[in-house]
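Work through the exercises below with the structure in view, and try each task before reading its solution.

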Amino acid sequence: MSRLQQNLGRFLESAVPSPEDVLILLPALILMLGFVFWFCGWLQVRRGWKTGYTRKLIHVAVFLTAALLQWQGGFSWVCIMGVAVSVVLFYGIYRGDGNYFFEGIAREVDAPHRVYY
């Protein structure tokens, strides 16, 4: 076996989470990130925050959470978080204009193609 194959095997072992980790972390992260996206959209729509600030708040929450997960559980936990972020983000994109999940991240200057940017 070549050194490349060995390194690839070690990487995959570190990146693939256990089923137990997925069952515990994925729903918890989807709920937590869903709340962050919803809250930022609420701040933007109901409290008049600028989208730039709500986007920054989402980014800070996502990156701090990823750093904590990396520290506590390693790369496989960060991979679970990537799935959770994707689920929440795609839900917001699917719901579109007017939905809090979408409004917290979508920039007004990108109209009429806010979904694509």
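Helices (H or I, at least four residues) are DSSP runs, numbered from the N terminus, and their axes are lines fitted to C-alpha atoms over the stretch in contact, with angles running from 0 to 180 degrees between N-to-C directions. The model is predicted, so that local features need pLDDT of at least 70 and side-chain atom pairs count only at pLDDT 80 or more, while totals for chains, interfaces and linings use all residues. Residues are numbered from 1 along each chain as its sequence is written, and side-chain values use heavy atoms, with hydrogens and water left out.

**Exercise 1.** Determine how the axes of helix 3 and helix 4 are arranged, and which residues meet.

*Solution.* Begin with the axes: those of helix 3 (residues 51-73) and helix 4 (residues 75-95) come within 7 Å and cross at roughly 150°. Angles over 145 degrees count as roughly antiparallel, under 35 as roughly parallel, 65 to 115 as roughly perpendicular and the rest as oblique. Helix 3 and helix 4 are therefore roughly antiparallel. Next, look for contacts, meaning heavy atoms within 4.5 Å: among the residues that meet are Val62, Thr65 and Leu69 in helix 3, and Phe75, Met81 and Val85 in helix 4. The residues of this contact divide into eight nonpolar, five polar and no charged, where Ala, Val, Leu, Ile, Met, Phe, Trp, Tyr, Cys and Pro count as nonpolar, Asp, Glu, Lys and Arg as charged, and the others, Gly among them, as polar.

**Exercise 2.** Find the angle at which helix 2 and helix 4 pack, and then treat helix 2 and helix 3 in turn.

*Solution.* Helix 2 and helix 4 pack at about 45°, with their axes 8 Å apart, which makes helix 2 oblique to helix 4. The axes of helix 2 and helix 3 come within 8 Å and cross at roughly 160°, and these two helices are therefore roughly antiparallel to each other.

**Exercise 3.** Which residues have the most contacts inside the largest nonpolar core?

*Solution.* A nonpolar core is a set of buried Ala, Val, Leu, Ile, Met, Phe, Trp, Tyr and Cys residues joined through side-chain atoms within 4.5 Å, and buried means under 20% relative accessible area (1.4 Å probe, protein chains only). The largest such core has 18 residues, and Leu29, Leu33, Ile58, Val62 and Met81 have the most contacts inside it. Helix 2 (19-46), helix 3 and helix 4 each give two or more residues to this core, the largest share, six residues, coming from helix 2. Finally, leaving aside neighbours within four places in sequence, Val62 is in contact with Leu33, Met81 and Val85.

Note on methods
Buried means under 20% relative accessible area, exposed over 50%, partly exposed in between (1.4 Å probe, protein chains only).
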